[in-house]
Structures are given as C-alpha cells and as structure tokens.
Amino acid sequence: MGLISMLRIDIDAGVEVYQMTKNAVLIDVRTKEEYDQGHIPNSSNLPLSELDQILKEVPDKNTPLFVYCQSGSRSARAVKLMKKAGYSDVTNIGGILYYHGPIEK
C-alpha cells in the first residue's frame with residue numbers, strides 16, 4: 001500500500017481515535033486561509049509557520065495531539081517538530097483532502 005493510500009485511510013480513523021482519546025487536541029497546521037475554507041470540527045488552527053506557538057496553545061507536553069493538513073506532508077513535518085520540542089504523544093493523521101466526515105467553516 002502506497003503512502004497516499006495509507007493517508008486516505010488514516011485521517012478518518014485518526015479522527016475517530018482523537019474523538020475517543022481523553023484530553024486530546026486536534027490541530028490543523030494549514031494556513032489560516034485554508035482553515036477558514038473548511039476544517040474538521042473541534043480542530044484548532046496552528047499553521048506550520050507558527051508552530052513555535054505550540055507551548056502557548058498546549059503547555060502540557062503529555063497531551064495527546066492529532067495533527068492534520070491538506071495532504072499529510074505538512075502534518076508530518078509538524079509532528080517531527082513537536083516531538084523535537086518534547087511532546088510525547090503526537091500523531092499525524094494525514095490530509096483533510098482524504099477526509100470523509102463533516103467539515104465546518
């Protein structure tokens with residue numbers, strides 16, 4: 001199974017796992033403009049370019065974080081940066097491009 005196929009499956013399953021995880025935070029690392037065009041309900045927008053603000057947004061580094069973007073590549077970079085910053089429970093759930101659930105604007 002190729003990476004793109006895995007991402008198509010992962011985001012729907014990833015949102016389900018997020019919804020079942022106590023105290024989890026869902027983070028959209030796309031730009032504010034992309035986020036405003038449509039995002040997964042209950043997600044917070046923290047653009048990749050502003051990821052240094054993660055400590056202000058989520059001070060507890062043990063908080064389960066679920067990260068997505070448009071296709072899965074920015075979220076993969078964001079996960080690496082968050083782990084490097086000391087966050088212990090970070091999951092890239094892929095790209096909203098492959099999401100089949102509700103979108104809010």
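This is a predicted model: local features need pLDDT of at least 70, side-chain atom pairs count only at pLDDT 80 or more; totals for chains, interfaces and linings use all residues.
Residues are numbered from 1 along each chain as its sequence is written, and side-chain values use heavy atoms, with hydrogens and water left out.

- S1 and S2 pair in the parallel sense over three bridges; two strands pair if DSSP finds at least two bridges between them.
- S1 and S3 also run parallel, joined by four bridges, and here Ile-27 stands opposite Val-67 in S3.
- Strand S3 (residues 65-69) pairs with S4 over five bridges, again parallel, with Cys-69 opposite Gly-95 in S4.

**Asp-28 and its surroundings**

- Which strand holds Asp-28? Asp-28 lies in strand S1, and its bridge partner in S2 is Asn-45.
- Asp-28 has a relative accessibility of 0%, so it counts as buried (buried means under 20% relative accessible area, exposed over 50%, partly exposed in between, with a 1.4 Å probe and protein chains only).
- Leaving aside neighbours within four places in sequence, Asp-28 is in contact with Tyr-35, His-39, Ser-43, Ser-44, Asn-45, Leu-46, Pro-47 and Tyr-68; contact means heavy atoms within 4.5 Å.
- Asp-28 also forms a salt bridge with Arg-30, with the closest N and O atoms 2.7 Å apart, and both residues are buried.

**The other salt bridges**

- Side chains of opposite charge can pair when their charged atoms come close; the rule used here is a side-chain nitrogen of Lys or Arg within 4 Å of a carboxyl oxygen of Asp or Glu.
- Asp-36 and Lys-32 meet in a salt bridge at 2.7 Å, N to O.
- Both of these residues, Asp-36 and Lys-32, lie in helix H2 (residues 32-37), four residues apart, or about one turn of the helix.
- Asp-36 is partly exposed, at 41% relative accessible area.
- Glu-34 pairs with Arg-74, the closest N and O atoms being 2.8 Å apart.
- That pair links distant parts of the chain, with Glu-34 in helix H2 and Arg-74 in helix H4, 40 residues apart.

**Rings**

- Tyr-18 and Phe-66 make an edge-to-face aromatic pair, 6.0 Å centre to centre with 65° between the planes.
- The cut-offs for such pairs: rings of Phe, Tyr and Trp (its six-membered ring) pair if their centres lie within 6.5 Å, and planes under 30 degrees apart count as stacked, over 60 as edge-to-face and the rest as tilted.
- Tyr-18 lies in helix H1 and Phe-66 in strand S3, so the pair ties together parts 48 residues apart in sequence.
- Tyr-18 is buried at 12% relative accessibility, and Phe-66 is buried at 5%.
- Lys-61 lies over the face of Tyr-87, at 6.0 Å from the ring centre (a charge sits over a ring if NZ of Lys or CZ of Arg is within 6 Å of the ring centre and within 35 degrees of the ring normal).

- Leu-55 is found in helix H3 (residues 54-57) and is partly exposed, with a relative accessible area of 47%.
- Apart from neighbours within four places in sequence, Leu-55 is in contact with Lys-61 and Tyr-87.
- Lys-22 sits in the loop between helix H1 (3-20) and S1, and is exposed at 69% relative accessible area.

Terms used. Helices (H or I, at least four residues) and strands (E, at least two) are DSSP runs, numbered from the N terminus.
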